[in-house]
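Welcome! Take a moment with the sequence and the structure, then read on.

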Amino acid sequence: MLTNQNIILAISGGIAAYKCAELTRRLKEHGANVRVVMTHAAKAFITPLTMQAVSANPVCDDLLDPAAEAAMGHIELAKWADLILVAPATADVIARINAGIANDLLTTVILASAAPLALSPAMNQQMYRAQATQDNIANLTKRGVKIWGPAQGEQACGDVGPGRMLEPMALVELAKQHFAAADALGKGVLDGITLTITAGPTREALDPVRFISNHSSGKMGYAIAAAAVDAGATVNLISGKVTIQPPQKALVTAVDSALEMHAAALSLAPKSDIFIACAAVADYRPIDVADQKIKKSADTMTITMTKNPDIVADVAALTEDRPYTVGFAAETQNVEKYAKGKMQRKKLDMICANDVSKGGQGFNADTNALSVFWQGGSEILPLTDKKQLGKALIALIMSQFKRV
Ligand code: C5P
């Protein structure tokens, strides 16, 4: 379950840190790649050399270390992670994470990462019971942070009560359950379903060597296609030119222009149960495409363009064999209003809106967040990597599709 999962073990300064060597060995035994991040206080309880030896990776402990930053910068490390496990998580580090403070490497990496976060609290029982700690934990839970532990029992200080860090094997089990649940999201829910999806940009030719296009990477559409394949669907992926690899088992139709994408979509959509329009289709195309390369002459040139057909609207307008139709909307303001307007105008069953004015979402990014609206409901899928978001969206589409 942990094979090739990238786990950051973030160690803060509590006596339970001595268990981290054992925890790292067990995580690695189960196939995980482990990188260790330590606070300065953690180093008083277990040495970086020990953690480097057991993790087989350099230990990161300083935000301002030029050599460490050159090797793997903190943002790169934050992106590398599939899971961040803070163990032991002291009262202090829990409070800082809750407040969004980034005053050391550990808290900075957490703030800079879209990876799921799990905290394994370890502290004196009275510190754990303190209202401030309980409020911090409750608030983090609301944000989707997993709290693993603490266990009850005798503490290093002699007190008895809640506040012991979970044993390494218990944490390994929870990590395995976490990845199994993420993996199972949507698994099998699309058995017997045919799904067609458009992805990537279109290219609108000016002449044999030039075209007008956009920056769409195809990452979101490909992630949805992969999630649909994993969920058991037969997937037709109609794709503009991109540099990423399609999921194995997807039936790919490669296209260049909006007209080609339109023809492929209108041919496959009536044979599909679900149609998802994720492509960034050019709204207009040049009226005249020169047969030969256009020569440089006048100081200015004018290109007259004509409107492309609206692929998703044409699919949604099918009177026979109409699939459940899902569109996307990239907005910079009034996201809900504009997205819902687009859903009504194009007669879609569902629309997925992303606010492209926010950082880390939309075109070319590895992460995205979506506000999804359908007739009679809505759900926010929070910022996460596009692969995880693809799975969550497939699960959501399926929950609504069944009710049509
Ligand atoms: O109207 P707008 O381009 O913002 O709508 C975006 C949605 O419509 C996306 O789902 C996109 O794939 C789809 N679309 C289309 N054909 C077009 C333009 C947009 O399918 N010509």
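## The chain as a whole

A residue counts as buried when its relative accessible area is under 20%, and as exposed when that area is over 50%. With that cut-off, 49% of the 404 residues of the chain are buried. Please keep in mind that this is a predicted model. Its secondary structure consists of 14 helices and 19 strands, and its C-alpha atoms fill a box of roughly 80 × 55 × 40 Å along the principal axes.

How much of the accessible surface belongs to carbon and sulfur atoms? The share is 53%, out of a surface of about 19400 Å². As for charge, the chain carries 39 positive and 38 negative side chains, and the centres of these two sets lie 1 Å apart. Among the contacts in the chain with a separation of 6 or more, 67% join residues 24 or more positions apart.

## Two domains

The chain is divided into domain 1, covering residues 6-183, and domain 2, covering 187-401. Their C-alpha centres lie 39 Å apart.

Pro58 sits in the loop between H2 and helix H3 (66-71). Leaving out residues up to four places away in sequence, Pro58 touches Arg35, Val36 and Gln52.

Helix H1 spans residues 20-29, and its buried residues are Cys20, Ala21, Leu23, Thr24, Arg26 and Leu27. An α-helix has 3.6 residues a turn, so residues three or four places apart point the same way. Just after H1 comes Gly31, with a positive phi of about 100°.

Now look at Ser55, in helix H2 (residues 48-55). Is Ser55 buried or exposed? Ser55 counts as buried because its relative accessibility is 0%. A polar atom of the Ser55 side chain lies 2.8 Å from the backbone oxygen of Met51. Beyond its neighbours within four places in sequence, Ser55 is in contact with Thr24, Lys28, Val34 and Val36.

## A buried methionine

Met123 lies in the loop between strand E4 (117-121) and helix H7 (125-129). This residue counts as buried because its relative accessibility is 9%.

Which residues does Met123 touch, not counting those up to four places away in sequence? They are Ala89, Thr90, Ala91, Ile94, Tyr128, Thr133, Gln155, Pro162 and Gly163. Met123 can also be compared with Arg164: the two are 41 residues apart in sequence, while their C-alpha atoms are 6.6 Å apart in space.

## Backbone details to look for

One joins Ala87 and Pro88, with omega about -5°, and Pro88 is part of strand E3 (residues 83-89). Another runs from Gly149 to Pro150, with omega near 5°; Pro150 is in the loop between strand E5 (146-147) and strand E6 (151-154).

Positive phi values also turn up in residues other than glycine. Asn4, in the segment before strand E1 (6-11), has a phi near 60°. Asn4 is exposed because its relative accessible area is 55%. Asp321 has a positive phi of about 50° and belongs to the loop between helix H12 (311-316) and strand E16 (324-331). Asp321 counts as exposed because its relative accessibility is 53%.

Terms used: Residues numbered from 1 in each chain as written. Predicted model: local features only at pLDDT ≥ 70, side-chain atom pairs only at ≥ 80, totals over all residues. Heavy atoms only, no water. Helix = DSSP H or I, 4+ residues; strand = E, 2+ residues; numbered from the N terminus. Buried < 20%, exposed > 50% of the residue type's maximum accessible area, 1.4 Å probe, protein only. Contact = heavy atoms within 4.5 Å. Areas by Shrake-Rupley, 256 points an atom, 1.4 Å probe, with all protein chains shown as cover. Lys, Arg positive; Asp, Glu negative; His and termini not counted. Charge placed at Lys NZ, Arg CZ, Asp CG, Glu CD. Domains from an automatic or database assignment. Polar contact = N/O pair within 3.5 Å; in protein donor to acceptor, adjacent residues only side chain to side chain.
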